[in-house]
Every structure is written in structure tokens, then in C-alpha cells.
Amino acid sequence: MGFTRSLGFRAGLLSALILLVVLAIWHVATLSSAPVAAAAPALTPEQIEYAKLMGKDPASMASPAAATAKSGFPTLAQMGAVVAKNLASPFYDNGPNDKGVGLQLAYSLGRVGLGYLLAALVAIPLGFVIGMSPLVYRALDPFIQVLKPISPLAWMPLALYTIKDSSISGLFVIFICSVWPMLINTAFGVASVRREWLNVAKTLEVTALRRAFEVILPAAAPTILTGMRISMGIAWLVIVAAEMLVGGTGIGYFVWNEWNNLSLPNVIFAILVIGVVGMLLDLMFAKLQKAVTYVD
Amino acid sequence: MSEHFDPYDADRPLMMGCSCGRHRSGAEHAAAELRARSETADFELYSNEFIEASLVKALFPQDAVRRRFLRAVGKGSAMAAIASVLPVASLQAMAQEKGGAIEKKDLKIGFIPITCATPLIMAHPLGFYSKQGLNVEVVKTAGWALIRDKMLNKEYDATHFLSPMPLAISMGAGSNATPMNVATIQNTNGQAITLSVKHKDKRDPKDWKGFKFAVPFEYSMHNFLLRYYVAEAGLDPDRDIQIRVVPPPEMVANLRAGNIDGFLGPDPFNQRAVFEEVGFIHLLTKELWNGHPCCAFGTSTEFIQKNPNTFAALYRAVLTSAAMAREAKNRELIAKVIAPQAYLNQPETVIAQVLTGKFADGLGNVKNVPDRADFDPMPWQSMAVWMLTQMKRWGYVKGDVNYKQIAEKVFLLTDAKKVMKSLDMKVPDGAYPKFTIMGKVFDPEKPDAYLAGFAIKRA
């Protein structure tokens with residue numbers, strides 16, 4: 001026990017150290033290199049005006065140390081300010097084109113949840129059928145193999161053209177990309193339920209429905225959940241791309257909007273948020289998976 | 001202690017965003033200021049005259065015809081004649097009984113976050129749409145292809161277009177043929193050729209062989225003007241340079257990364273490239289064709305037919321907005337209104353430089369070009385014919401093109417001819433003023449001869 005605790009402790013320490021090193025590298029790399037030229041001589045009125053139009057403070061230009069890099073990679077301080085600003089009011093709503101990051105996340109999560117749910121409703125029953133019948137398994141396999149690797153963005157124009165509604169198109173893209181791992185894993189899990197268990201069920205003459213729910217489902221549950229976990233990861237990956245393309249609302253739109261403004265700090269902030277939320281979603285499924293795992 | 005500051009109000013932040021202390025942000029303050037300006041009798045008179053003048057100009061592009069017509073029928077019946085055609089009829093009815101017969105109140109209008117969309121965007125915070133009895137949502141859209149798709153699937157009721165787009169969509173170039181209309185031109189001028197700072201000494205387009213350029217969309221004035229410009233310098237735009245379709249914000253990022261050598265793009269991205277110190281403004285497109293159209297406001301023919309009064313109300317709102325945007329004294333405030341996150345999401349100083357025409361050119365000079373961007377709403381059909389000649393020139397449309405027929409179908413200048421015929425007037429041939437582009441006069445009466453005069457072309 002003491003050993004594991006100290007391992008956990010040491011791992012935590014190492015993580016913190018790595019984070020510190022990364023932040024230190026960031027800080028050093030973004031330190032503005034002071035201009036080589038010494039204090040600029042008196043500026044002409046036109047030069048002062050030009051500097052103002054370029055978004056620089058001509059007064060501070062005289063002292064080279066104060067000249068900061070306006071564009072390029074943000075410094076840690078700039079990054080911190082952006083994070084604080086975004087987190088200070090995550091749920092403001094200024095009309096359709098300007099919402100807080102919390103609201104945008106809610107839109108994305110809603111979309112992912114719905115698309116994912118639809119995918120689960122289709123994939124799990126279908127996976128069951130495929131897994132129970134080797135014939136169907138073999139017949140559908142080529143289709144699944146062809147459709148599985150298609151990128152979400154490749155579906156988008158087709159979806160927009162046929163569905164004629166951008167938000168439903170977004171849902172469709174999440175659906176079509178998250179359906180395959182669930183389908184394949186369910187089919188695999190169902191197909192590899194132990195023969196003995198099925199034979200026992202047969203000798204006890206249980207009905208097909210009872211066999212499916214009381215023998216196959218618990219046996220295949222860990223595999224099915226693995227598929228669901230992979231699918232959730234994919235759905236969360238897809239949503240950002242889809243929203244960047246469709247626009248409107250969501251964390252992907254937030255990224256696009258800040259990209260439009262060439263605001264790297266905000267984009268980095270969004271990336272961090274996407275990562276954290278993705279991790280939480282994955283943790284949720286890890287918990288679920290633990291709950292259904294059994295030991296033979 | 002005035003009510004403006006009131007430091008003892010518990011719910012009120014001490015630091016107000018604007019100088020007068022009454023608004024949450026500088027943008028809201030500017031919007032309130034502009035709204036106040038729009039409510040003066042002066043402006044109302046000006047904007048009514050502006051709208052009427054636009055319509056009369058639309059009906060009588062040739063001065064001689066207009067004079068003859070007005071003398072023959074007198075002012076009263078001339079106004080009646082104008083009033084009896086779309087969209088004036090409904091406009092005047094609207095003026096008398098406001099909100100009378102609007103078919104569709106809740107509208108969605110798409111826009112791309114560039115300064116070309118200024119009238120369309122600012123009409124929202126300034127309340128010009130609601131004044132016409134419309135509940136309009138202006139929706140920021142991620143790209144031109146998406147604008148096209150959302151117009152085709154009717155998610156948007158009307159939209160910000162690149163002016164060649166409705167022509168292309170109506171003809172079925174790059175999409176299924178669906179009739180679209182241009183109601184007004186959103187902006188004139190307002191584009192520029194921006195080059196990477198590393199090309200400061202390559203100001204002659206003859207030295208551009210092998211350059212990579214970006215434009216925002218194939219069916220755009222940007223593409224046609226860039227092709228025209230390099231071809232005049234003797235370069236073949238398909239062989240000697242590379243032209244890529246790249247969304248405007250990515251143009252600046254690509255310029256920084258050295259992926260492209262320059263772009264002919266919409267503002268504020270030319271100015272943004274200067275602001276980011278990665279590019280300089282080689283020339284304003286105004287120098288190629290002063291007064292050239294760029295973006296447009298339009299919708300589908302079906303929408304106009306189904307909702308004539310709604311369309312008229314929209315049209316009036318956008319024209320009022322254009323009237324406001326044309327006045328130089330309003331430009332600085334407009335920049336404040338449209339710069340925030342909900343609209344263009346750009347530094348205010350960048351927008352202000354574009355709109356006021358006092359800008360840093362990226363080479364260390366401050367330039368003063370008040371008409372760098374302008375908002376003349378006339379959808380002259382000869383502009384459409386020019387776009388069609390360029391589409392044909394570069395192989396975007398093949399075969400015989402009935403220039404005038406398409407131009408008149410798409411560029412809505414009212415159905416004036418019918419009325420004039422009924423008044424026994426000699427019908428003018430349409431709205432075909434001539435233009436001068438890079439010193440060459442374009443005669444819309446002879447598009448094929450114009451096309452044949454180019455040394456470099458595909459058709």
C-alpha cells in the first residue's frame with residue numbers, strides 16, 4: 001500500500017515537474033527579443049501616426065524593452081489573461097454570433113450526445129444481430145470496412161446537399177462516424193460469447209429473448225462498452241471539425257471565430273477546453289466499463 | 001451627481017465601457033450615437049432621397065432618357081410609374097402603413113465577417129431591420145460555399161453574396177441552377193492586393209512569375225480582378241502564377257507561413273496583414289477599376305415572389321444602412337459598431353483604417369484614400385455583363401452566353417420596362433453604363449468584341 005501511494009505521489013510530482021518545464025520553455029520561447037537598435041531617435045509626426053495605426057504605442061517605442069511582440073505566439077501572461085477572461089463569464093449570450101465558451105460547450109455536448117445516442121440506438125441492436133449470425137457478419141463486413149475509415153469532413157458536403165439542414169447535417173456526421181466502433185465491437189463481443197454458456201442456455205431451453213438479455217448481453221457488455229468508449233472519443237473529435245465547417249454555435253465555431261480573428265491565445269484556450277472535456281467524457285466511460293467488467 | 005455615473009448604485013460597475021457612462025461598451029455607445037443620427041429629420045430626408053435616387057437611377061441609367069421621360073410625363077406620374085413596380089410599390093405602401101402586409105417576419109440573413117458586409121451587419125445593431133417591422137437574425141457564416149448551400153437549402157432568407165455568385169448559381173455553374181437575384185450591391189472598391197513583406201522590392205507584376213496567390217472564392221471579383229491585373233502585365237494567371245481558393249483569415253496565416261506570396265482579398269484582411277506586419281498593400285483594387293462592385297445583397301427569386309413586401313422592407317432597411325455608411329462622418333463610429341466579437345471580431349483600429357481610408361500601407365507610409373471602401377448600392381447590369389465576360393474568358397462558363405438576358409434576370413433593377421411601355425415611352429436598353437478598367441473602356445453592348453480583345457484567355 002505504502003509503495004503504491006508513493007508511486008502515485010511520485011508520478012504526480014513528475015507530472016507537475018513536466019508541466020513546469022513545458023511552461024518554462026513556453027515562457028522563455030515567447031520572451032520578446034528586445035529590438036537590436038537602441039532607443040529610437042525622435043519620431044516624425046508621420047512615424048508616430050503610423051505606429052499608432054499599427055497598434056503600437058509610439059511613446060513606449062522609444063524604450064526598446066517595452067516593445068512587445070503584438071502577434072505571434074502568446075506569452076504565458078497573455079495566455080493567462082485570456083483564460084481568466086473566458087472563464088470569468090462562460091455563460092454570457094450576446095445574440096447568435098457571440099456566446100460564452102460555456103454555452104458553446106453546452107451546444108457541442110448536446111450535439112455530440114444526440115448524435116451519439118442515435119448511433120448507439122442503431123449500432124448496438126444491429127451489432128447484436130450481426131454478432132449472432134455469422135452469415136450477416138460476413139455479408140455486411142465489406143460495407144463496414146469501406147465506410148469505417150471515411151473522414152467526417154468528407155461526409156459534410158454530401159450531408160448538406162441531401163439533408164438540406166446544417167444542424168441535422170452536423171448530427172448526421174457525428175452519427176455516421178461514431179456508429180462503426182460500436183457496431184464492430186458489439187458484433188465481436190456477441191460473436192465471441194463462450195460456446196459453453198450458450199450450450200448451457202440451450203439445454204435449459206431458455207427463450208431467445210432471455211438468452212440475449214441474460215446470457216449474451218452481460219457476457220459481451222465489456223466489449224460493447226469498449227466500443228462505446230472509442231465511439232465517444234471519435235464523436236468528440238468529429239464535433240470540432242463539423243462545427244468549424246458549419247458555423248453557428250459550438251466549441252468548433254468558437255475555434256473558427258477566433259481563427260478568423262487570428263487570436264492564437266483564444267484558440268489555444270479552446271484546445272485546452274476540448275482536451276479537458278474529452279478526458280472527462282473518457283473517464284466517465286472508464287467508470288462505466290469498470291462497472292460491467294467481470295472475472296471468469 | 002448626474003444619473004450617468006451613479007457610483008452608489010450597487011448593481012452598476014464603476015468602470016463603464018464608454019465615455020458617456022451610459023453603455024456597457026464602446027460599441028454600444030457608437031451604435032446609440034449612430035441610431036440617434038439616423039433618427040434626425042436630416043438623415044431621414046437624406047436617406048429617402050438616397051433610396052429614391054437609387055431607384056430612379058436604376059430605372060433610367062441614361063441621363064438623356066431620364067430627362068426625356070420626366071419632361072414627357074411630369075414628376076407626379078413619373079413617381080407613380082416608379083411606385084407601380086417592385087420594390088418601390090411596396091416601399092411606398094410601407095412608408096404609409098408600417099408593417100402592413102409583411103409575409104414573413106422572422107428572417108435569417110447570412111454574412112461573412114468582412115467589411116464588405118458593413119451595411120447588412122450594421123442595420124442590425126442600429127435597428128434598421130426592426131424599424132421596417134422585421135425580426136432579422138444576422139448569422140456569421142464560415143465560408144462562401146456554405147452561404148451558397150444555405151441559400152440553396154433555404155436556411156437563409158437572404159444573404160451577403162459575392163456579386164458574381166448569384167450569376168453563377170442562376171446559371172448552374174458550380175451548383176444546381178437556382179434563380180437568384182442581386183437586390184443591391186453591398187460595397188464598391190474595398191479590396192486590395194497584399195504582398196508578403198519579403199516582396200517589398202517586387203512591385204512590378206512582371207516579376208511575379210511563379211508566385212502563389214490566394215483569393216476567397218472562384219466566382220468572386222477578387223479572382224476576376226487578380227486575373228485581369230496579371231494578364232494585363234503579360235502573365236497567364238493559370239500557367240505563370242498559382243491562384244488558390246483560401247478563406248481570408250487563412251490568407252494572413254499563410255502569408256506569415258510563407259505558403260503564399262500574396263492575395264487579392266477582402267478587407268479587413270489586407271489591413272490585418274499590415275497590422276500583423278506580415279504583408280504590405282501593393283495596390284487598392286480601386287486603382288484597377290474605381291467603383292467596382294464587390295459583394296452584394298441578394299436572395300432567391302422564389303423568396304421575392306413569395307414575399308414581395310418582406311423583400312421590400314428588407315431592401316429598404318439595407319438601402320437606409322447603405323445611405324448611412326456612405327457618409328464619411330459616420331465611418332469611424334461604424335467601425336466601432338461592427339468590430340466586436342458578434343460581428344467582424346477584429347481589432348477596431350484595423351476596421352477603422354479600412355472604412356475611413358486613412359491607413360498604414362505596410363511600407364511605413366500613412367495613406368489617405370477616403371473612397372478606399374464605398375457603399376454604392378446600384379446593381380448596374382453592365383457590371384454583371386463584365387463578370388460574365390470574365391467567367392467566359394477564364395473558362396468558368398462555356399459556349400454562347402446570352403450576357404444581357406442573364407444580367408437582367410439576376411441583377412434586379414426593377415421591372416421598369418413594362419411600365420414604360422404602358423406609358424408609350426421609348427424603353428431604354430437597360431442599365432448599361434460603360435466602365436473603365438485599367439484604362440480600357442468596357443462597352444457592355446459589345447461583350448464578345450471586348451472578350452476577343454484580350455491576348456490572354458481560355459475561351
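In the predicted model, the side chains of Glu302(B) and Lys154(B) form a salt bridge with an N to O distance of 3.3 Å. This pair connects distant parts of the chain, its members lying 148 residues apart. Glu302(B) belongs to helix α12 (residues 301-306) of chain B, whereas Lys154(B) lies in the loop between α7 and β3 (158-162). Over all chains, the structure holds 21 salt bridges, but the count between chain B and chain A is 0.

The interface of the two chains brings 43 residues of chain B into contact with 33 residues of chain A. About 3,100 Å² is buried between them, and carbon and sulfur atoms give 51% of this area. On the side of chain B, the most area is lost to chain A by Lys140(B), Gln341(B) and Val366(B), which together account for 17% of what that side buries. Although salt bridges between the chains number 0, 12 residue pairs are in polar contact across the interface, both residues of each pair being at pLDDT 80 or more.

Several elements of chain B supply at least two residues each to the side that touches chain A: strands β2 (135-140) and β12 (358-360), together with helices α7 (144-152), α10 (248-257), α11 (269-275) and α15 (348-356). The most is given by α10(B), with 5 residues. By residue class, the side of chain B that touches chain A divides into 19 nonpolar, 13 charged and 11 polar residues.

In chain A, a nonpolar surface patch of about 560 Å² is made by Leu14(A), Leu17(A), Ile18(A), Val21(A), Val22(A) and Ile25(A). One of these residues, Leu17(A), is placed in helix α1, which spans residues 2-30 of chain A.

Two features of the backbone of chain B were also noted. Most peptide bonds are trans, and most residues other than glycine have a negative phi. The bond joining Asp267(B) and Pro268(B) is cis, with omega at about 15 degrees. Pro268(B) is located in the loop between β9 (262-266) and α11 of chain B; helix α11 is itself among the elements that supply at least two residues to the side of chain B touching chain A. Asn189(B) is found in strand β5 of chain B, which comprises residues 188-189.

Note on methods
Residues numbered from 1 in each chain as written. Chains lettered and ligands numbered in written order. Predicted model: local features only at pLDDT ≥ 70, side-chain atom pairs only at ≥ 80, totals over all residues. Heavy atoms only, no water. Patch = residues over 30% accessible without salt bridge, like charges linked within 9 Å, V, L, I, M, F, W, Y side chains within 5 Å. Areas by Shrake-Rupley, 256 points an atom, 1.4 Å probe, with all protein chains shown as cover. Salt bridge = Lys/Arg side-chain N within 4 Å of Asp/Glu carboxyl O. Helix = DSSP H or I, 4+ residues; strand = E, 2+ residues; numbered from the N terminus. Contact = heavy atoms within 4.5 Å. Buried area = accessible area lost by both parts, 1.4 Å probe. Polar contact = N/O pair within 3.5 Å; in protein donor to acceptor, adjacent residues only side chain to side chain. Nonpolar A, V, L, I, M, F, W, Y, C, P; charged D, E, K, R; others polar.
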